[in-house]
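Reader: I'd like to learn how to read a few features off a protein model. Could you walk me through some, starting with salt bridges?

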Amino acid sequence: MAYTPYSSSSLTHTLLHSSSSSSSSSSSSSPVSSPWLPPVLQRCNITSKCSLPSRFSLLLNPPSVAPNSVPPSRKVCQPKGALNVTASSAKKILVMGGTRFIGIFLSRLLVEEGHQVTLFTRGKAPITQPLPGEPDEAYNAFKSKVLHLKGDRKDFDFVKTSLAAEGFDVVYDINEALLESKGVNYTSIRPVYIYGPLNYNPVEEWFFHRLKAGRPIPIPNSGIQVTQLGHVKDLAKAFIKVLGNEKASKQVYNISGDRYVTFDGLARACAKAGGFPEPEIIHYNPKEFDFGKKKAFPFRDQHFFASVEKAKAELGIVPEYGLVEGLTDSYNLDFGRGTFRKEADFTTDDIILGKSLVLS
Amino acid sequence: MATLLSSSTSSLLFSNLSPPSLSPISLSLSLSFSSSASLSSSISLSSLSKRLSLSSKRLSLSSFTVNAAAAASEKKKVLIVNTNSGGHAVIGFYFAKQLLGCGHDVTILTVGDESSDKMKKPPFSRFSHKKAQTDAGRKKPGPGIMLQEIVDGGGKTVWGDVGAIGTVLEGLTFDVVLDNNGKDLDAVRPVADWAKSSGVGQFLFISSAGIYKQTEEPPHVEGDAVKADAGHVAVEKYLSEVFDNWASFRPQYMIGSGNNKDCEEWFFDRKPVPIPGSGMQLTNISHVKDLSSMLTKAVENPTAASGNIFNCVSDRAVTLDGMAKLCAKAAGLPVEIVHYDPKTIGSDAKKAFPFRNMHFYAEPRAAKDILGWQSATNLPEDLKERFEEYVKIGRDKKAMTFDIDDKIIESLKVPVSV
């Protein structure tokens with residue numbers, strides 16, 4: 001899905017979130033039924049075409065994947081990661097989507113910062129949802145402030161018109177390469193693997209399912225492949241730090257955890273996070289198996305990590321969560337409460353375990 | 001591209017001694033700034049990421065200014081206590097040359113006896129009383145040639161045992177001492193005690209990144225847990241107690257002319273290259289000039305450096321397979337790697353392979369944050385130079401036997417191209 005940024009006026013600020021990893025194949029789960037639907041605050045009266053204001057800018061949202069289930073609300077204490085970011089002057093911000101994962105955390109931070117936040121969605125999924133453990137008052141305060149702009153992002157003219165009419169200062173969305181060529185003032189954020197509560201990619205969830213079921217963890221090849229996870233809250237905070245920051249103009253930043261981790265290490269870290277005993281890890285040669293269309297492991301079978309030193313040095317962005325700490329946060333607020341996006345599917349595991357030929 | 005930056009610096013450093021008033025580091029920085037508005041930064045460490053080289057504005061202007069000011073203002077008297085063997089002697093030589101290039105006063109104390117058996121053997125035997133060797137081209141440049149270059153550059157060289165260091169250096173005073181000699185207190189304490197008593201202002205120590213405890217969450221970062229019983233750890237602790245201004249530098253593997261210990265040569269020698277395990281193990285192989293530039297930064301920014309540990313390495317990881325491939329590429333040859341389980345060759349495993357069979361990867365975060373240091377290692381380019389020297393000294397034609405390699409290949413029964 002291509003979203004073409006506007007070429008006309010000079011845009012003040014564009015924040016891009018591009019996925020540096022080819023995401024796991026689209027989820028095949030059916031959405032969990034969502035009995036609760038918050039009132040939708042709609043914006044009407046979109047006027048006809050007008051020229052874009054000069055301070056229009058584009059920000060980016062996580063790449064769209066198939067709509068996923070929304071966990072039912074729970075009551076618990078405020079999740080960790082309350083913000084210490086110094087507030088910049090209040091802005092009118094449009095988030096394309098913003099109803100899932102990164103957008104959920106990001107929009108809260110923006111509202112807490114005092115910005116006026118509008119979420120642009122088709123209205124098919126709930127516009128807002130409480131975070132696991134979020135007290136009612138906090139959620140209602142957020143809900144009452146955030147605005148909704150209903151529309152289809154593929155309707156180019158509609159998007160353009162609405163943006164013009166509203167005079168947004170900042171927009172969060174995708175599409176890096178085009179922005180460079182259009183001369184738009186942008187900042188590009190590159191996460192590696194994102195994790196945290198409400199993750200719609202089965203990253204930590206994949207391990208948790210197996211740990212909970214007491215199953216061995218099948219890991220391809222040596223298990224010493226090095227990867228890197230970044231907590232969603234740290235990512236959301238990074239977006240905030242970049243907002244309105246001159247230094248970040250036309251720059252690209254890797255945003256992820258401060259340390260990397262081996263596949264084997266990640267399995268053990270997930271076990272620690274969920275209070276499980278140390279798992280049995282089985283290494284196998286993926287070439288010896290035919291898994292059909294199924295993915296036997298949620299990560300690319302290679303080293304994949306990036307230094308976050310530039311964001312640290314130039315913007316003072318320092319990830320807050322260590323790996324076990326962050327996985328514990330994810331477990332406590334999500335999987336540990338019985339919520340997850342994808343049902344456990346051990347088909348490929350059983351294929352691997354069924355064969356006697358496995359790498360030790 | 002990171003490539004551009006480092007290749008411009010590699011031609012600057014050590015091709016000849018830079019004019020005394022300019023630090024090679026300052027020189028390289030100013031060139032980079034003037035050449036283009038944007039400098040690349042090494043951000044992505046994944047060799048498989050497609051977005052490797054990015055343009056960014058460095059914020060190192062201020063560190064550059066500080067560095068230039070420091071270089072211009074204070075001439076230091078530096079003593080390098082250097083090992084007479086071992087792979088890290090080369091650090092002392094490069095450091096000496098760089099300091100001389102910056103206009104500092106340098107003395108190298110090589111531990112041992114100039115007339116000892118060690119000194120009689122090449123490469124030491126080619127030093128001091130001989131003029132430029134006619135056979136230099138046929139031997140791997142070693143400490144002998146390096147020490148000669150230092151003398152040519154205005155440095156002083158002495159020999160002696162650290163136990164008698166007070167006598168050996170009688171009457172001499174220094175602002176800075178680098179101990180690149182010992183890996184435990186027995187070896188370093190005499191140097192440290194003498195330095196303290198003679199009023200040395202800054203004490204620097206070459207430690208080792210090998211003291212980090214193994215982790216499943218690389219990289220090794222300064223401040224991470226170290227093996228409590230390691231000799232270097234005891235030295236670092238002692239130095240922190242004795243000196244107001246001290247710093248420790250933890251290197252890994254290095255390449256560079258004058259290195260006594262084989263690194264890249266091991267790969268150049270071989271086809272196929274037997275690598276234990278998966279070959280995915282990450283390590284850090286730096287050009288020794290990265291180490292000397294970091295040390296020089298510490299000398300010229302003593303307040304900033306004080307009390308700190310620095311991982312003395314380049315800022316990129318390389319896998320073991322990757323190193324084999326890069327060496328082959330530098331040699332213009334196809335690469336052939338065979339993997340084996342080291343358990344199958346028993347006690348030969350240690351001798352079979354010159355690198356640790358595990359992730360052994362540290363990042364130079366403290367040097368970048370605290371000293372404003374930048375890496376100039378560029379393995380693809382650096383290895384080309386190393387291969388050129390390898391050929392120049394005729395090592396590619398040298399007859400060699402590979403008993404352990406043969407055992408490994410035999411055990412794998414892998415057909416090998418002749």
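Author: Keep in mind that this is a predicted model. Start with B:Glu236, which is buried because its relative accessible area of 6% falls under the 20% limit.

Reader: Which side chain does B:Glu236 meet in a salt bridge?

Author: That's B:Arg250, at 2.7 Å from N to O. B:Arg250 is buried too, with a relative accessible area of 4%. B:Arg250 sits in strand β8 of chain B and B:Glu236 in helix α9 of chain B, so the pair ties together parts 14 residues apart in sequence.

Reader: What about B:Lys407 and B:Asp348: how far apart are their closest N and O atoms?

Author: They're 2.4 Å apart, and the two form a salt bridge. This pair links distant parts of the chain, 59 residues apart: B:Lys407 is in helix α17 of chain B, and B:Asp348 is in the loop between β15 and α14 of chain B. Check the accessibility as well: B:Lys407 is partly exposed at 47%, whereas B:Asp348 counts as buried at 10%.

Reader: Which partner does B:Lys368 have in its salt bridge?

Author: A:Glu309, with the closest N and O atoms 3.0 Å apart. B:Lys368 belongs to helix α15 of chain B and A:Glu309 to helix α8 of chain A, so this pair joins two chains. B:Lys368 is buried, at 18% relative accessible area, while A:Glu309 is partly exposed at 26%.

Reader: How many salt bridges are there over all chains?

Author: The count comes to 31. Some link up into a network, made of A:Asp258, A:Arg259, A:Lys312, B:Asp224, B:Glu363 and B:Arg365.

Reader: OK, now helix packing. What describes two packed helices?

Author: You use the angle between their axes and the distance between the axes. Here, take α4 (residues 89-101) and α11 (residues 288-300) of chain B: their axes come within 8 Å and cross at roughly 55°. That angle is why α4(B) and α11(B) are oblique to each other. Their crossing is right-handed. Among the residues making the contact are B:Tyr94 and B:Phe95 of α4(B), and B:Leu291 and B:Leu295 of α11(B). By class, the contact has 9 nonpolar, 4 polar and 1 charged residues.

Reader: And in chain A, which residues of helix α9 (residues 323-333) are buried?

Author: They include A:Leu323, A:Gly326, A:Asp329 and A:Tyr331. The buried residues of α9(A) pack against several elements of chain A, including β7, α5, α6 and α7.

Notes: Residues numbered from 1 in each chain as written. Chains lettered and ligands numbered in written order. Predicted model: local features only at pLDDT ≥ 70, side-chain atom pairs only at ≥ 80, totals over all residues. Heavy atoms only, no water. Axes fitted to C-alpha atoms, helices over the stretch in contact; angles between N-to-C directions. Helix = DSSP H or I, 4+ residues; strand = E, 2+ residues; numbered from the N terminus. Parallel < 35°, antiparallel > 145°, perpendicular 65-115°, else oblique. Left-handed = near helix turned anticlockwise from the far one by under 90°. Contact = heavy atoms within 4.5 Å. Nonpolar A, V, L, I, M, F, W, Y, C, P; charged D, E, K, R; others polar. Buried < 20%, exposed > 50% of the residue type's maximum accessible area, 1.4 Å probe, protein only. Salt bridge = Lys/Arg side-chain N within 4 Å of Asp/Glu carboxyl O.
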